[in-house]
Amino acid sequence: METLELLLHRHWGIRPARLHAMSSGHTNKTYIVDCDSHRSVLRVSWPGKSIEQVRREALVLDHLGVLSVSAKLPALPRLQPTTGAQPGVQTPDGSWLHLFDYIDGIPGLPADAESGTTDAMHTLARLHAAMGTMPLPSPSPSPSTESSPVAWLRERYTRVARRAAPTLPADLPDRYDVLLDRIGASLDAATAWVTGPTHWLHGDYHAGNLLFVDGRVNGVLDFDDVGQGSHWLETAFALFALSRDATIDDRFVFDARLWDTGLLAYAAMQPHAVPQWMHENRDALMVLFCADQVLIHLEAAQRGLWMPGPGMGFLACWRQLLADV
């Protein structure tokens, strides 16, 4: 297989290029690309990423790029097309390579977590307003959930459930089927109380995908998991992601005060009042957030990209879902 340097030269005409691996999540690998005075970011996806996901991301980024100034959005990933005017390149193993303009900033909440959370939720409100003007695709003839406020969760659950269980730590495999049954039941129940219109979503809005400069959000990254669902549900998930204590693995712990602060910040920029179910069902929302986190990590493990274990909140969410079993 060609090296990344050769692929950059062949498809983007970049040479010589100096690559520096960045701290990455458990789905993509990311590199800083330095060439003379120009800096870019190369993202290498997992093998077998679907063309549909690639198209979704490009569609959403194109739409947001047009609105970025009027919507007062921070910097967003901007694709650098190949010399053949394509948005990316697929390698023989099924991985996708995308080259983006570099965005300055440091990922993760700043020292002032309250101020950082407030700005992060203001940013999400603006992002949702812009994504809310983007039409959804025509309904699929298959048993789809694209019109459901929990659509992107259901899609992820379906992908994980139809594949074999990944290798798990010794004390987890016996509860795998119970866990999936519980997640499925929670999603079924959520369709009755999670209400509101379905829109496009970022799909993975957390501090690691935000770039801060001087305590303010300067950029939002990783739109490669965009999906459809309720903006208010993604808002709740963002609040849990920003307020959780990722150092605790035996249960899910979050800062309720910071969660409320973030919700007020988001709601202040919305034309509609906070749905009552946001207040009445925070515990159930936490269960859905934990389900989403577990599914994200299980899917990465099924693809051979990550080994389930401590860190990144996986065990905390797993144990929270099975707390009363």
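Ring pairs tie Trp152, Phe237, Phe240, Phe252, Phe254, Trp259 and Phe289 into a cluster, where rings of Phe, Tyr and Trp (its six-membered ring) pair if their centres lie within 6.5 Å. Across the whole structure, a search turns up 11 aromatic pairs. This is a predicted model, with local features needing pLDDT of at least 70, side-chain atom pairs counting only at pLDDT 80 or more, and totals for chains, interfaces and linings using all residues. Residues are numbered from 1 along each chain as its sequence is written, and side-chain values use heavy atoms, leaving out hydrogens and water.

Elsewhere, the charged end of arginine 39 sits over the ring of tyrosine 102, at 5.3 Å from its centre. For both, the cut-off is CZ of Arg (or NZ of Lys) within 6 Å of the ring centre and within 35 degrees of the ring normal.

Now for leucine 263, which is found in helix 7 (residues 256–267); helices here are DSSP runs of H or I, at least four residues, numbered from the N terminus. Leucine 263 counts as buried because its relative accessibility is 4%, the limit being under 20% relative accessible area with a 1.4 Å probe, protein chains only. Leaving aside residues up to four places away in sequence, leucine 263 touches Trp232, Thr235, Leu239, Val274, Met278 and His279, contact meaning heavy atoms within 4.5 Å. Threonine 191 is 72 residues from leucine 263 along the chain, and their C-alpha atoms are separated by 22 Å.

Definitions and conventions: Helix = DSSP H or I, 4+ residues; strand = E, 2+ residues; numbered from the N terminus. Buried < 20%, exposed > 50% of the residue type's maximum accessible area, 1.4 Å probe, protein only. Phe/Tyr/Trp six-rings, centres within 6.5 Å; stacked < 30°, edge-to-face > 60°.
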